Amino acid sequence: MRAEGVPLPRAGAARTPFTRRRLIVAAVVLAAALAAWALDASLVGLVPQAGGLELVRDFFARALRPAWSYEGEAPAGAAPLWVAALVAARRTLVFAVAGMSLALVFGAVLGFLGSRAWWEHEPAGGESRLARFLRRSVAPAVWSATRVVIVGMRSVHELLWAVLFLAAFGLNNVAAVVALSIPYGGTLAKVFSEMIDEAPRDAAQALRAAGARDLQVFAVGLVPRALPDMCAYAFYRFECAVRSSAILGFFGFPTLGYSISQAFENLHYGEVWTYLYALCALVIGIELWSGALRRRFVA
Amino acid sequence: MNASLARLHRERPRSRLVRLSLALLAALVVWAWCSGEFDFRPLGDPARREHLAQFVTVEVVPYPLRGAEFSWPALGAWAGALWREHGAEALVATLSIAVLAISLAGLGALLLAPFAARTLATVHPFEQACLAQQGHAGRRRAWQALNALVRAGLIFLRAIPEYVWAFLLLAMLGPSAWPAVLALAIHNAGILGKLGAETIENLERKPLAALTGLGARRAQLWFAAVLPLSLSRFLLYFFYRFETCVREATVLGMLGVVSLGYWIQDARAKLFYDEMLFFVTLGAAIVLLGDLVSTVARALLRRA
């Protein structure tokens with residue numbers, strides 16, 4: 001699965017002084033040793049418990065023989081297994097798309113409010129007292145408040161948001177979508193604002209010199225320079241959202257994760273693989289689409 | 001003036017793929033919201049609303065503060081008791097799981113990446129394609145097979161979600177910290193291995209090919225040239241995945257490993273929503289800590 005979409009390091013990265021890099025590597029090794037000590041993770045814990053190895057062997061033995069029909073008792077009136085897998089995959093996609101569409105709204109609004117460029121304004125001529133008050137005191141306050149909101153949204157995992165909403169609203173698919181959209185919206189907002197701030201300012205400066213108003217400069221001069229990167233990143237997050245949406249199922253929502261955990265608990269490993277392959281097909285399909293689009297955007 | 005503007009507009013670069021995709025995406029969004037999966041009626045249901053009001057005004061309020069005046073000492077005592085009872089231990093456990101997992105993942109990826117990089121895992125490392133066709137056919141095929149095998153292995157490692165790995169390892173090893181550590185390590189080794197291989201493939205070929213031309217052996221090439229050249233980029237990816245690991249380590253506890261997620265799930269099962277919120281907040285705090293460590297480390301790496 002793709003894991004790029006991370007802002008790539010600049011060319012200077014290869015010239016990092018070796019001493020500092022060695023220090024970081026040493027710190028990582030030390031931290032790992034400390035962590036192993038803190039967890040009391042003795043190697044004895046790696047010895048499989050009774051029946052453990054057989055279970056893993058049985059599980060992987062079914063990898064090439066996924067189930068085509070229910071193992072064991074088929075639930076009364078249930079659709080065939082492949083239909084069930086398709087339905088779960090469809091739900092996974094529906095949750096991801098709905099969550100992403102909300103996240104994009106959050107991301108766009110908060111991303112613009114959280115970008116420095118949105119608030120930056122070099123007054124060309126005279127400035128009214130009100131305008132100066134807004135620029136000097138309101139703008140930094142709104143900017144900081146937006147950053148705090150973004151950090152808050154991002155720092156709680158979507159599954160934890162889902163658990164909170166489950167407690168507050170009861171089991172409801174809308175809760176899952178909102179839970180998905182909050183950390184995704186926060187991450188989109190963070191990355192969007194950084195992309196807008198890092199976009200080349202040449203067009204914006206030219207427009208400003210030609211007398212364009214602030215909003216025009218921002219909308220025509222600045223945002224279009226960042227838009228390809230933003231689209232590419234949003235699409236990468238869409239891939240992630242599909243995976244997250246499937247995993248929400250492990251906590252009771254009717255996506256692929258639910259089917260997987262149910263089959264797993266019933267020891268129906270063939271069914272687990274059927275659902276896993278459905279998930280893989282979905283993710284790979286979106287990755288291919290996303291990859292083709294990103295090449296177009298970035299090139 | 002207008003005519004030339006119109007021409008510029010008409011001849012602007014357009015991509016059919018992008019337009020089709022945008023239309024398809026818009027259709028997908030409409031389809032998703034209209035699919036019938038989302039029932040907004042319960043949100044307006046009076047009983048549910050009452051439940052929500054009860055949840056927000058009573059249940060998430062820390063226990064000693066319910067129906068009483070707000071006081072910092074009472075809140076502090078409540079939080080302190082929770083912190084001493086489970087919080088501190090769970091926090092250390094979560095962070096340790098993340099650190100140990102990403103370190104193992106990094107180690108695994110370092111071992112696998114050279115064999116997954118198409119430019120390195122051939123008979124003539126970093127040579128142009130035409131030269132790669134020469135040489136002993138058997139050795140050539142052996143390298144090809146090894147390369148394909150490792151690449152397929154990495155795809156396999158990262159294609160299976162860490163939750164499935166955790167389920168499987170919990171059933172295999174029994175309850176300890178290892179299932180969470182190994183689940184995260186396996187999944188992330190797949191991701192870091194792929195990113196590491198890409199990093200190696202993106203290195204400039206000619207200087208490295210020159211080294212082989214001078215008689216450098218594969219191990220020398222790896223330790224003296226490829227590893228030092230790609231380590232910085234590799235560490236950037238390492239810290240980027242570390243952030244994700246901290247997030248997932250919290251949540252994996254909900255499957256029964258003793259990290260913060262375990263206590264979140266425990267509090268939820270007991271309907272102690274105030275305690276649940278406390279542990280969720282602790283989780284947010286260590287995510288912030290992880291992000292901070294990662295940001296500082298990456299800034300140190302970037303600044304040449």
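In the predicted model, helix 5 (residues 72-116) of chain B packs against helix 7 (residues 137-159) of chain B at an angle of about 135°, and their axes lie 8 Å apart. Helices here are DSSP runs of H or I with at least four residues, strands are runs of E with at least two, and both are numbered from the N terminus. Axes are lines fitted to C-alpha atoms, for helices over the stretch in contact, and angles run from 0 to 180 degrees between N-to-C directions. Helix 5 of chain B is therefore oblique to helix 7 of chain B, given that angles under 35 degrees count as roughly parallel, over 145 as roughly antiparallel, 65 to 115 as roughly perpendicular and the rest as oblique. Residues B:Leu112, B:Phe115 and B:Ala116 of helix 5 of chain B meet B:Leu146, B:Asn147, B:Val150, B:Arg151 and B:Leu154 of helix 7 of chain B, contact being defined by C-beta atoms, placed from the backbone, within 7 Å. By class, this contact has six nonpolar, one polar and one charged residues; Ala, Val, Leu, Ile, Met, Phe, Trp, Tyr, Cys and Pro count as nonpolar, Asp, Glu, Lys and Arg as charged, and the others, Gly among them, as polar.

Helix 7 of chain B also packs against helix 9 (residues 178-201) of chain B, at an angle of about 135° and with the axes 7 Å apart. These two helices are therefore oblique to each other. Helix 7 of chain B contributes B:Leu154, B:Leu157 and B:Arg158, while helix 9 of chain B contributes residues including B:Ile186, B:His187, B:Ala189 and B:Gly190. The contact of helix 7 with helix 9 of chain B has five nonpolar, three polar and two charged residues.

Chain A contains 11 helices and zero strands. Of its 299 residues, 40% are buried, that is, have 20 or more other C-beta atoms, placed from the backbone, within 10 Å of their own. Among contacts in chain A between residues at least 6 apart in sequence, 75% join residues at least 24 apart.

Between the chains, 60 residues of chain A are in contact with 66 residues of chain B. Helix 1 of chain A gives the most to the side of chain A that touches chain B, with 10 residues. That side has 41 nonpolar, 11 polar and eight charged residues.

Residues are numbered from 1 along each chain as its sequence is written, and chains are lettered from A and ligands numbered from 1 in the order in which they are written. Because the model is predicted, local features need pLDDT of at least 70 and side-chain atom pairs count only at pLDDT 80 or more, whereas totals for chains, interfaces and linings use all residues.

Technical notes:
Two residues are in contact if their C-beta atoms, placed from the backbone, lie within 7 Å. A residue is buried if 20 or more other C-beta atoms lie within 10 Å of its own, exposed if 12 or fewer, and partly exposed in between; C-beta atoms are placed from the backbone.
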